[in-house]
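The following paragraphs lead through the side-chain contacts of one protein chain. Please keep the sequence and the model in view while reading.

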Amino acid sequence: MFKHSTAMEKRSGNWMIVVGCFLLALAVALGAFGSHGIRGQISQDAFRIYDTMVTYLFYHSFALVIAGLIGRHRMNGWILWAGRLFSFGILFFCGSLLLLTVVKALVLPGFGWIGPITPLGGVGFIGGWMSLAIGALKK
């Protein structure tokens, strides 16, 4: 279905690995900041949202690295889309939860529109996992 050159395959796998590793480092930093910096400084509800964001950032940054590693050996369009969808999910799911944490911590009115963005990222995560599974099975 999707055709890629060998050079493009390596580059596609590489960007997923590099971006995934940077996001994993960010997840560690945000996790440490949450545990040692803001716990007890923000409401329990805001901290729960923040903790969920960090957890999903870890899982899906690692998924991006896995997609890149698989892609280096058998890149196809499904693997490439898995990387794109994981990236989309991280941006929209984790990004919206981070914004929601800030809004709740600072008690800012008028930001109710942020919550409905989160499920879009969740759909990206689901699509990423499904694409990764299909892509891993393709030759």
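Is Cys 21 buried, partly exposed or exposed? Cys 21 is partly exposed, with a relative accessible area of 41%; here buried means under 20% relative accessible area, exposed over 50%, and partly exposed in between (1.4 Å probe, protein chains only). The model is a predicted one, in which local features need pLDDT of at least 70 and side-chain atom pairs count only at pLDDT 80 or more, while totals for chains, interfaces and linings use all residues. Residues are numbered from 1 along each chain as its sequence is written, and side-chain values use heavy atoms, with hydrogens and water left out.

Zero disulfides are found in a search of the whole structure, a disulfide being a pair of cysteine sulfur atoms within 2.5 Å. The closest cysteine sulfur to that of Cys 21 belongs to Cys 94 and is 16 Å away, which is too far for a bond. Cys 94 is accordingly in no disulfide. Cys 94 is buried, at 4% relative accessible area.

Charged side chains come next. Two salt bridges are present, each defined as a side-chain nitrogen of Lys or Arg within 4 Å of a carboxyl oxygen of Asp or Glu. In one of them, Asp 45 is joined to Arg 48, with 2.6 Å between the closest N and O atoms. Both residues belong to helix H2 (residues 44-74) and are three residues apart, about one turn of the helix; helices are DSSP runs (H or I, at least four residues), numbered from the N terminus. Asp 45 also meets Lys 104 in a salt bridge, at 3.1 Å from N to O. Because Lys 104 lies in helix H3 (residues 77-106) and Asp 45 in helix H2, this pair ties together parts that are 59 residues apart in sequence.

The aromatic residues form another set of contacts. A pair of aromatic rings is described by the distance of the centres and the angle of the planes. Rings of Phe, Tyr and Trp (its six-membered ring) pair if their centres lie within 6.5 Å, and planes under 30 degrees apart count as stacked, over 60 as edge-to-face and the rest as tilted. By this rule there are eight aromatic pairs. One of them is the tilted pair of Tyr 56 and Phe 93, with 4.8 Å between centres and 45° between planes. The pair links distant parts of the chain, since Tyr 56 is in helix H2 and Phe 93 in helix H3, 37 residues apart. Tyr 56 is partly exposed at 32%, whereas Phe 93 is buried at 13%. Phe 111 and Trp 113 form a tilted pair too, at 6.2 Å centre to centre and 40° between the planes. Phe 111 is partly exposed at 32%, and Trp 113 is exposed at 51%. Tyr 56, Tyr 59, Phe 93 and Phe 125 make up one aromatic cluster.

Phe 111 lies in the loop between H3 and helix H4 (118-137).

Terms used. Helix = DSSP H or I, 4+ residues; strand = E, 2+ residues; numbered from the N terminus.
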